[in-house]
Amino acid sequence: MDETVGPVTETTVAAAADTSCCGLPEWALHGPPEGRGTSPLCALPEWDAGATTPVHRGDRATRIALVRDRRLYAAGSVGDCVYVLKAGVVKHTATADDGRNAVVRLVTAGGVSGLEAIAGLPYRHSAIVLHPGSACRIPVDVIKRYEEVDSEAAKQLCQAWQQAVDDSERLLRMTHGPALLRVASLLQFLREAIPAGELIRIRRADIADLFALTEVSVARALSELRKRGLIAQRGNGIAHIDAHIVALAGAPGLSADYI
């Protein structure tokens with residue numbers, strides 16, 4: 001099997017939506033558009049970063065494509081924006097004591113990356129795209145003005161901070177147990193995070209980095225899950241993941257390779 005679990009076609013960017021020409025964007029003044037989620041932080045104008053029309057970057061959010069392996073920001077840098085994911089997965093990495101890049105958080109659709117910028121602090125981790133999608137890059141000044149016109153804004157930001165903690169704790173729980181169960185846990189996580197019908201595109205090397213496994217161990221685990229009918233491959237992407245993959249992967253009959 002190719003080292004890539006999914007195809008590498010790049011995500012197309014949605015067309016730009018209307019925004020105010022100055023000051024706060026329309027989403028902040030009039031509330032979240034219907035169908036874009038309940039969190040105001042996710043109800044953003046879909047401005048295409050590739051458009052040629054001039055844009056006042058300090059006054060509005062910018063819609064960007066998340067291309068696999070693209071780095072949104074580096075640990076230690078001081079930024080002036082946060083990223084709200086529309087689709088895809090972004091991993092947060094930190095340098096471990098042994099020098100390797102350890103994954104400490106997986107951010108999915110609706111999640112917020114780069115919250116440190118709101119407090120004027122350096123980013124604690126590097127943010128790198130794991131699975132392609134799209135995001136809205138929001139200047140901190142926009143968020144601060146948003147807080148002034150919407151009393152719920154502070155509550156939404158607190159919820160975003162709490163979600164960051166929850167994401168890290170869930171990832172921590174995935175790092176324990178046999179390799180097969182770790183890989184199954186990650187695939188279940190991705191099944192919940194990525195829209196139904198979309199191929200899951202993640203490389204064996206990425207899975208190995210997540211759990212400090214070898215690529216050989218990851219390949220064996222994926223092969224075992226296919227043999228049990230818990231995942232189905234289409235091309236070099238994963239087209240189907242059983243809803244009960246973790247429970248079934250832990251059922252009797254485990255190969256000695258996973259004990």
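## Helices H4 and H6

Helix H4 (residues 179-193) packs against H6 at an angle of about 70 degrees, and the two axes lie 9 Å apart. Helices (H or I, at least four residues) and strands (E, at least two) are DSSP runs, numbered from the N terminus. Axes are lines fitted to C-alpha atoms, for helices over the stretch in contact, and angles run from 0 to 180 degrees between N-to-C directions. H4 is therefore roughly perpendicular to H6; this word covers angles of 65 to 115 degrees, whereas angles under 35 degrees count as roughly parallel, over 145 as roughly antiparallel and the rest as oblique.

On the H4 side, the contact is made by Ala179, Leu180, Val183, Ala184 and Leu187, and on the H6 side by Ala221, Leu222, Glu224 and Leu225. Contact here means heavy atoms within 4.5 Å. By class, these residues are eight nonpolar, no polar and one charged. In this division, Ala, Val, Leu, Ile, Met, Phe, Trp, Tyr, Cys and Pro count as nonpolar, Asp, Glu, Lys and Arg as charged, and the others, Gly among them, as polar.

## The model and its confidence

The structure is a predicted model, in which local features need pLDDT of at least 70 and side-chain atom pairs count only at pLDDT 80 or more, while totals for chains, interfaces and linings use all residues. Residues are numbered from 1 along each chain as its sequence is written, and side-chain values use heavy atoms, with hydrogens and water left out.

The mean pLDDT of the chain is 75, and 71% of its residues reach 70 or more; pLDDT is the predictor's confidence in each residue, from 0 to 100. The pLDDT is below 50 over residues 6-39, a stretch that has 75 contacts in the model beyond near neighbours in sequence. It is also below 50 over residues 51-58, where eleven such contacts are found. Where pLDDT is low, the predicted coordinates should not be read in detail.

## The chain as a whole

The chain has seven helices and eight strands. Of its 259 residues, 46% count as buried; buried means under 20% relative accessible area, exposed over 50%, and partly exposed in between (1.4 Å probe, protein chains only). Among the contacts in the chain with a separation of 6 or more, 71% join residues 24 or more positions apart.

## Helix H5 and its surroundings

Helix H5 (residues 204-211) packs against helix H6 (residues 215-227) at an angle of about 110 degrees, with their axes 9 Å apart. H5 is therefore roughly perpendicular to H6. Arg204, Ala205, Ile207 and Ala208 of H5 meet Glu215, Val218, Ala219 and Leu222 of H6. This contact has six nonpolar, no polar and two charged residues.

Six of the eight residues of H5 are buried, so the helix is largely enclosed by the rest of the structure. The buried residues are Arg204, Asp206, Ile207, Ala208, Leu210 and Phe211. Just after H5, Ala212 takes a positive phi of about 55 degrees. Ala212 lies in the loop between H5 and H6 and is exposed, because its relative accessibility is 53%.

## A buried lysine

Lys91 belongs to strand E3 (residues 81-95). With a relative accessibility of 11%, Lys91 counts as buried. Leaving aside neighbours within four places in sequence, Lys91 is in contact with Val103, Arg105, Leu106, Ser126, Ala127, Ile128, Leu130 and Asp206. Asp206 is also one of the buried residues of H5.

## Two loop residues

Asp69 lies in the loop between strand E1 (62-66) and E2. Although Asp69 is not a glycine, its phi is positive, at about 80 degrees. Asp69 is partly exposed, because its relative accessibility is 41%.

Asn236 is placed in the loop between strand E7 (231-234) and strand E8 (237-241). At 26% relative accessibility, Asn236 counts as partly exposed. Asn236 and Ile200 are 36 residues apart in sequence, and their C-alpha atoms are 9.4 Å apart in space.

## Cysteines

A disulfide is a covalent bond between the sulfur atoms of two cysteines. The structure holds zero disulfides, where a disulfide is counted as a pair of cysteine sulfur atoms within 2.5 Å. Cys81 is buried, with a relative accessible area of 10%, and Cys136 is buried at 0% relative accessibility.
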